[in-house]
Amino acid sequence: MTETLLSFDDVLERYDPALGLEVHVELNTASKMFCGCATVFGAEPNTQVCPTCLGLPGAMPVVNRTAVESAIRIGLALNCSIAEWCRFARKNYFYPDMPKNFQTSQYDEPIAYDGWMDVTVPIDGGDDETFRVEIERAHMEEDTGKSTHVGTTGRIHGADYSLVDYNRAGIPLIEIVTKPIRGAGAKAPEVARAYVQQLRDLIVALGVSEARMDQGNLRADVNLSLSPKGSGTLGTRTETKNVNSFRSVERAVRFEMQRHAAILDGGGSILQETRHWHEDTGITTSGREKSDAEDYRYFPEPDLVPVAPSREWVEELRGTLPENPTARRARLQTEWGFSDLEMRDTVGAGALGLVEETIAAGAAPQAARKWWLGELARRANDTDTEIGALGVGPADVAAVQQLVDAGTINDKLARQVFEGLYAGEGTPEEIVAARGLAIVSDDSALGAAVDKAIVENPDVADKIRDGKVAAAGALIGAVMKEMRGQADAARVRELILEKLT
Amino acid sequence: MPESPRSITRDEVAHLADLARIDLSDAELDHLAPQLSVILESVAAIQGVAGDDIPPTSHPLPLSNVFRADEVVPSLTAEEALSGAPEAEQQRFSVPRILGDEQ
């Protein structure tokens, strides 16, 4: 099925986009939200389950205190008010991923509400722009089990039956919902991406979640609607699920804007529905239509008593908040002397914390930036891996740079050391030794190569003898080639000049 | 949460039955709808007595902030967890083909 799309420029000429983002954050507590089952990722199926998270009759839930603390800290970091009193509610629906036939969530009494986050949006060829995203609420709930659909197609439709693992059911989730984001215009896709990315930075800084999109710790649903330009109204929205990377958030918004506009231009109307994002093809397809079946019949959870965080507790938790990421970015940029563009690239590559740790481990700021953005970001991109999950950490990068600073290797050889690190060949020092990468600055070895270069390039040698010192470059190149890049270039230059002048 | 309606129509009962996956015949709907209305009306009488100064009660005990420490306790084994399942495969609960969509 091919969707008709309107060009992005035409969309902007005729329509105003409104965005809404729902982000689910899976907390990194040791135990589940309402029971003591472990939350280890990748455990054998149905080995982290108990009567409570399996919804067996008579089982009683008890709230995880750390999860409530994390929820409050997230709320505070998003400049939210924290409820003085709130309850859990049952969201009733029939689907085998929740064996209780309801999800324990919060309804009209979220623990945190009415906040905001200032998002830095990169503008091509210009200064960064700040865009304020209003937060509607952040509430506590629990994750669902994982279904595997068995059948001919492997997809939900056409599946013969499903197999369910409840290890994930009951892991604490915080759902963060924005108010409609309006006025972003052409920047709507970038604003959406920047919001999710910077929200992730915040969650990481708080230390409340692994926040890995590729592992599903952080999941984004993208709501989008269009209204006629300047009308000030809100159009019918679609909700796109399964958006599992920052780049996909941006692409999904752009795609939906173009798809909506084509339908509206053709005199059609938007169906309020769930859409599924397809990473491989970059399109959305229809999921389920929002209808009466969406009537979840919420009611207060009778098995859990209200949560009433005292103001003392809230203030105590406020005292544990990390530095605001925007302020932190500004501070680090000044400390490191990075340009706006260098800083933006560092943040964009998800390498801010990694660069910071590399500098803390002893590397100069520009050297740390160079390796993370020049070498490791490329590797992450090539292997479709998160930059923090390459198996090469800040300590390794600092150690490589230390070898460069000490003159043991040069930048070119350092790249081979990184190859060794990716392959798990040991520490940088071990790799240099095992691969024989150290620069040769020993005069006897260099001298032989210099003599050979002089003999093979008599014209160049004559020029240097005549005082044209600049010609030495050609001889240095010849020596480097002879020694497979492992010669100490400065010493080679000295030797050439000693021998010829 | 919305206030309880003072009566309930036959269509509303049919809708609720559908949401709760309860298969009710026309005769059962005819029978149950008026009964449910009587129950709602009876409960509504209490709302008439309770003034604005009486907060609705969702929990009978005057308790809040009942928490547990974030500590792992042993889970069931997979065999125990699956012992009541009508069907299991690959150490997972086997369930019928699902219509509709994931939440």
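## A friendly look at the model

Colleague: Leaving aside neighbours within four places in sequence, which residues is A:Leu19 in contact with?
Modeller: This is a predicted model, in which local features need pLDDT of at least 70, side-chain atom pairs count only at pLDDT 80 or more, and totals for chains, interfaces and linings use all residues. Residues are numbered from 1 along each chain as its sequence is written, while chains are lettered from A and ligands numbered from 1 in the order in which they are written. Two residues are in contact if their C-beta atoms, placed from the backbone, lie within 7 Å. With those sequence neighbours set aside, A:Leu19 is in contact with A:Ile181, A:Ala184, A:Ala188, A:Val191, A:Ala192, A:Asn223, A:Leu224 and A:Val253.

Colleague: Which element gives the largest share of the largest nonpolar core?
Modeller: A nonpolar core is a set of buried Ala, Val, Leu, Ile, Met, Phe, Trp, Tyr and Cys residues joined through C-beta atoms within 7 Å; a residue is buried if 20 or more other C-beta atoms lie within 10 Å of its own, exposed if 12 or fewer, and partly exposed in between, with C-beta atoms placed from the backbone. This core has 81 residues, and A:Leu19, A:Ala71, A:Ile111, A:Ala138 and A:Ala192 touch the most other members. Helices (H or I, at least four residues) and strands (E, at least two) are DSSP runs numbered from the N terminus. The largest share of the core, 10 residues, belongs to residues 188-206 of chain A, helix H3.

Colleague: And how many residues are in the second, separate core?
Modeller: Its members include A:Val347, A:Val397, A:Ile454 and A:Leu500. The total for this second core is 47 residues.

Colleague: Is A:Arg137 buried or exposed?
Modeller: A:Arg137 sits in strand E7 (residues 129-142) of chain A. Setting aside neighbours within four places in sequence, A:Arg137 is in contact with A:Pro110, A:Ala112, A:Tyr113 and A:Val177. The C-alpha atoms of A:Arg137 and A:Pro110 are 6.4 Å apart, although 27 residues separate them along the chain. Because A:Arg137 has 23 C-beta neighbours inside 10 Å, this residue counts as buried.

Colleague: Which strands are the edges of the open sheet of three strands in chain A?
Modeller: Two strands pair if DSSP finds at least two bridges between them. The order of this sheet is E5-E4-E16, with antiparallel pairing. Strand E4 (residues 89-92) is joined to E16(A) by two bridges, and A:Arg90 stands opposite A:Phe299. The strands that pair on one side only are E5 (102-105) and E16 (299-300) of chain A.

Colleague: What pattern does chain B follow along the sequence?
Modeller: Chain B has three helices and three strands. Of its 103 residues, 8% are buried. Read along the sequence, the pattern is α-α-β-α-β-β.

Colleague: Which element supplies the largest share of the side of chain B that touches chain A?
Modeller: Here 37 residues of chain B are in contact with 52 residues of chain A. Helix H1 (10-19), strand E1 (67-68), helix H3 (78-82) and strand E3 (92-96) of chain B each supply at least two residues of that side. The largest share, five residues, comes from E3(B).

Colleague: In E1(B), which residue is the bridge partner of A:Val63?
Modeller: Strand E2 (residues 63-64) of chain A pairs with E1(B) in the parallel sense, over two bridges. Within E1(B), the partner of A:Val63 is B:Phe67.
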